[in-house]
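Student: I have not looked at this structure before. Please take me through how to read it, one feature at a time.

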Amino acid sequence: MADFDYDMLVIGSGPAGQRAAIQSAKLDKRTALIERKGVLGGVCINSGTIPSKTLREAVIYLSGYRLRSIYGESYTVKQNITMEDLLFRTDYVIRHEIDVTRHQLQRNGVEMINAEAAFVDAHTLRLNMVDHAGERNVTAANILISTGTEATRDPKIPFDGQNIFVSDDILTLKKLPRTLAVIGAGVVGCEYASIFSALGVRVTLVDRSRRLLPFVDAEVVESLDYHLRQNRMTLRFNEVVSGIELVQNGAEPRVKINLASGKEIVAEKALYSIGRTGATSKLNLEAAGLKADDRGRLKVNEHYQTEVPHVYAAGDVIGFPSLAS
């Protein structure tokens, strides 16, 4: 162990990386946590689990959704809800969770390094420091890859983050659309489709499957399907998207979605939600003797060891089940 700079290096500060680093430090191991973004917490705190759940609660409250059965379908706590209204609470929760995470790591003596990591060999990482402080190599007896996932993007689709976007972009939207097409009826797609629908946005949900969430109990899905339609959502199953383009329509651009069946869907904005990909493309895994699958995920055994025994992986980067939620 003394031949290495650290006993444990953790790549990624999401729930898996944070817990692993703290547990390692509690066992008196020399531990460092590497995070390439300017903030701690990973997707869970900054753009995924916690923001989406906070956004959901803000929408339910501001829209008066739970009280409509008493006061009528037109009841709302606030008229003309804006993105600023929704983000007011969300930003506070995100900042609080980041502070809690930082305090926990500091209190347990975990060194935090703001850098992008890539393998040089199975025990060595090259760190490209985010603050332009150059590069340096560090070594460790054990390494944990907990880099999480990123929204899958089709290179043929002209994403701009505002009109055609993925779930990671939602907190940066400048205004709410009147109409929205959601492509992909998985967990994330259904979640955001229902959130926007509760705000009165006319949502069209498109998926190639025969029904919502095939891995969920059919009776639960039947109930979800009913409530989504009650919210005036249009569900289009057995439809394959063949192309997405941004077209000018007067002052405001529109998104045109072409389906393989020959149909067209036109909406103000489109959320592309076709799963998530492991954030491993920049790790230079081959140098460590590792290889990710076609979705960027790593295979591990029951002890979270990869094919290289001292290199571990945990969290969303190893695939189902994604437990942070």
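Tutor: Start with the labels: helices (H or I, at least four residues) and strands (E, at least two) are DSSP runs, numbered from the N terminus. Residue numbers start from 1 along each chain as its sequence is written, and the model is predicted. Local features need pLDDT of at least 70, side-chain atom pairs count only at pLDDT 80 or more, totals for chains, interfaces and linings use all residues, and side-chain values use heavy atoms, with hydrogens and water left out.

Student: Where does Leu213 lie with those labels?

Tutor: Leu213 is in the loop between β9 (202-206) and α7. Its phi is near 40 degrees, which is a positive value in a residue other than glycine.

Student: Which value of phi does Asn80 have?

Tutor: Asn80 has a positive phi of about 55 degrees, although it is not a glycine. Asn80 belongs to the loop between α4 (68-71) and α5. With a relative accessible area of 66%, Asn80 is exposed.

Student: How do I read two packed helices?

Tutor: Two numbers describe them: the angle between their axes and the distance between the axes. The axes are lines fitted to C-alpha atoms, for helices over the stretch in contact, and angles run from 0 to 180 degrees between N-to-C directions. Here, helix α3 (residues 49-62) packs with helix α6 (residues 187-198) at an angle of about 25 degrees, and their axes are 9 Å apart.

Student: What does that make of the directions of α3 and α6?

Tutor: Angles under 35 degrees count as roughly parallel, over 145 as roughly antiparallel, 65 to 115 as roughly perpendicular and the rest as oblique. Therefore α3 and α6 are roughly parallel to each other.

Student: Is the crossing of α3 and α6 left-handed or right-handed?

Tutor: A crossing is left-handed if the near helix is turned anticlockwise from the far one by less than a right angle, and right-handed if clockwise. The crossing of α3 and α6 is left-handed.

Student: Which residues of α3 and α6 meet?

Tutor: Contact means heavy atoms within 4.5 Å. On the α3 side are Ser52, Lys53, Leu55, Arg56 and Val59, and they meet Glu191, Tyr192, Ile195 and Ala198 of α6.

Student: At what angle do α3 and α5 cross?

Tutor: Helix α5 (residues 83-107) and α3 cross at roughly 145 degrees, and their axes come within 9 Å. This crossing of α3 and α5 is right-handed. The contact involves Ile50, Pro51, Thr54, Leu55, Ala58, Val59 and Leu62 of α3, with Asp85, Leu86, Arg89, Thr90, Val93, Ile94 and Glu97 on α5.

Student: How does α1 pass α5?

Tutor: In a left-handed crossing. The axes of helix α1 (residues 15-26) and α5 cross at roughly 20 degrees and come within 9 Å. That makes α1 roughly parallel to α5. Gln18, Ala21 and Ile22 of α1 meet Thr101, Gln104 and Leu105 of α5.

Student: How are aromatic pairs counted, and how many are there?

Tutor: Rings of Phe, Tyr and Trp (its six-membered ring) pair if their centres lie within 6.5 Å; planes under 30 degrees apart count as stacked, over 60 as edge-to-face and the rest as tilted. By this rule there is one aromatic pair. The ring centres of Phe159 and Tyr272 are 5.5 Å apart and the planes are at 70 degrees, so the pair is edge-to-face. Phe159 is in the loop between β6 (149-151) and β7 (164-165), and Tyr272 is in strand β14 (residues 269-272), so the pair ties together parts 113 residues apart in sequence. Tyr272 counts as buried, at 12% relative accessibility.

Student: Which residue lies over the face of Phe159?

Tutor: A charge sits over a ring if NZ of Lys or CZ of Arg is within 6 Å of the ring centre and within 35 degrees of the ring normal. Arg153 lies over the face of Phe159, 5.4 Å from the ring centre. Arg153 is also in contact with Asp169, as is Gly161, leaving aside the neighbours of Asp169 within four places in sequence. Asp169 is in the loop between β7 and β8 (179-183) and counts as buried at 14% relative accessibility.

Key. Buried means under 20% relative accessible area, exposed over 50%, partly exposed in between (1.4 Å probe, protein chains only).
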